[in-house]
Amino acid sequence: MSFDHVGQAGEPILAVSGLEKSYGDKIALNGIDVEARPGQVVALLGPNGAGKTTFASIVAGLVKPDAGTVLVGGVDALRHPHSVRPLIGLAPQTTGVYEVLTVRENLTFFGELAGIRGATLRQRIDDVSASLLLEDLSSRPCQQLSGGEKRRVHMAVALMGRPRLLLLDEPTVGADILTRTALLEVVTQLAGEGTAVVYSTHYLPEIESLNAFVVLLDHGNVIAQGPVQELVARHGLAALELRFDGPVPDLSLEGLSITRQGELIRIVTPDLALAAARVFEVLGGDAQRLRSLDVIHPSLESVFLALTGRRYDPDEEDQRVGPS
Ligand SMILES: Nc1ncnc2c1ncn2[C@@H]1O[C@H](COP(=O)(O)OP(=O)(O)OP(=O)(O)O)[C@@H](O)[C@H]1O
Ligand SMILES: [Mg+2]
């Protein structure tokens, strides 16, 4: 099968539609549509259990979906997984390198698996080692590396085959600032060269810095998608959150949208300063029971809040189950 047509301007490298997957009565993906075009960074964003890893695993051919289609380079990836495999690079959520092999031996091994040999292989190893700051570590066995160093090797492995579609599942978990910066720079550079990158994470600021096309996942559903700035402009209202010791006071502030949850009052407002001034005006003696005041600026976090009514909590566990 020929892939000469792959990556022509505007054609998606990845086109997923109606993707469904359940594990028993747990719905992991509830019929989602996602596309990634050459040069695009698509950020799959969502809290624990949202379905990010399930999505990457299905696209990479490791897990079978219950329904839906997955086209990679225009080819049906569910029916022809071997044909599309050379186009895909996957760095799974759990790091997987050969611990007893050195960094260079790992890169050589995975490069050979991707069908690269000789001078091309050596050049590729040098290139990915340089971009992921691995040059000084090349002769170290992986078992002697720190978590962040291992993350970089793990991502380097996924890059060895020069994939047209790169799937990175939480690539910066456990990474220090140096590793995180290097990883983000590599992602930006690869996208600049035309790679389509699907980048799953639950760190909102990271996505804001990547200026990605965001697919916001919650409980296996896409609740919003679009460029970061567009989503923030459309849904990202600012909010004030006040927590009290004891029952929340009965504030009535005309024109402001107020919700109460337990010991918490949330005020969604386009003008934080004015809302704060008005709140303190009417709080009176209750101000003494005020335990904390949080300001939520327009950002992906407030987009999530606006669309779900919940604060974004990357560690929340999905307790919901589907129909039995
Ligand atoms: N092999 C499995 N067996 C049973 N349930 C599973 C399996 N894999 C995933 N799930 C469930 O499917 C849902 C989606 O899981 P998934 O791993 O895709 O989420 P995620 O967005 O990657 O989360 P995290 O941020 O924690 O990595 C979760 O509720 C999870 O418990
Ligand atoms: Mg995951």
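This is a predicted model: local features need pLDDT of at least 70, side-chain atom pairs count only at pLDDT 80 or more; totals for chains, interfaces and linings use all residues.
The shell around ligand 1 holds 14 residues, and the closest are Tyr23, Ala28, Lys52, Thr53 and Thr54. Two elements, β2 (26–36) and α1 (52–59), each give at least two residues to this shell. The largest share comes from α1, with 3 residues. By class, the shell around ligand 1 consists of 8 polar, 3 nonpolar and 3 charged residues.

Attention now turns to a sheet further along the chain. Strands in a sheet are joined through backbone hydrogen bonds, in either a parallel or an antiparallel manner. In this model, 4 strands form an open sheet in the order β12-β13-β11-β14, and the pairing is antiparallel. The edges are taken by β12 (257–261) and β14 (290–296); each has a single partner strand, so one side of each is left without a neighbour in the sheet. From one strand to the next, the twist averages 15°. Within the sheet, β11 (residues 238–244) is paired with β13 (residues 264–269) over 6 bridges, in the antiparallel sense. Here Ala239 is found opposite Val268 of β13. The sheet also has a helix against it: α9 (residues 272–283) lies across β11, β13 and β14, and runs at about 30° to β11.

Two helix pairs complete the picture. In one of them, α3 (residues 103–113) packs with α4 (residues 118–131) at an angle of about 125°, and the axes are 10 Å apart. On the α3 side, the contact is made by Arg104, Leu107, Thr108, Gly111 and Glu112, while α4 brings Leu121, Arg124, Ile125 and Val128. The residues of this contact of α3 with α4 comprise 4 nonpolar, 2 polar and 3 charged.

The other pair joins α5 (residues 147–159) and α6 (residues 177–192), whose axes come within 9 Å and cross at roughly 15°. Since angles under 35 degrees count as roughly parallel, α5 is roughly parallel to α6. The crossing of α5 and α6 is left-handed. Gly148, Arg151, Arg152 and Met155 of α5 meet Thr179, Ala182 and Leu183 of α6 in the contact. Sorted by class, the contact of α5 with α6 contains 3 nonpolar, 2 polar and 2 charged residues.

Terms used. Residues are numbered from 1 along each chain as its sequence is written. Chains are lettered from A and ligands numbered from 1 in the order in which they are written. A residue is near a molecule or strand if its C-beta atom, placed from the backbone, lies within 6 Å of it. Ala, Val, Leu, Ile, Met, Phe, Trp, Tyr, Cys and Pro count as nonpolar, Asp, Glu, Lys and Arg as charged, and the others, Gly among them, as polar. Two strands pair if DSSP finds at least two bridges between them. Axes are lines fitted to C-alpha atoms, for helices over the stretch in contact, and angles run from 0 to 180 degrees between N-to-C directions. Two residues are in contact if their C-beta atoms, placed from the backbone, lie within 7 Å. Angles under 35 degrees count as roughly parallel, over 145 as roughly antiparallel, 65 to 115 as roughly perpendicular and the rest as oblique. A crossing is left-handed if the near helix is turned anticlockwise from the far one by less than a right angle, and right-handed if clockwise.
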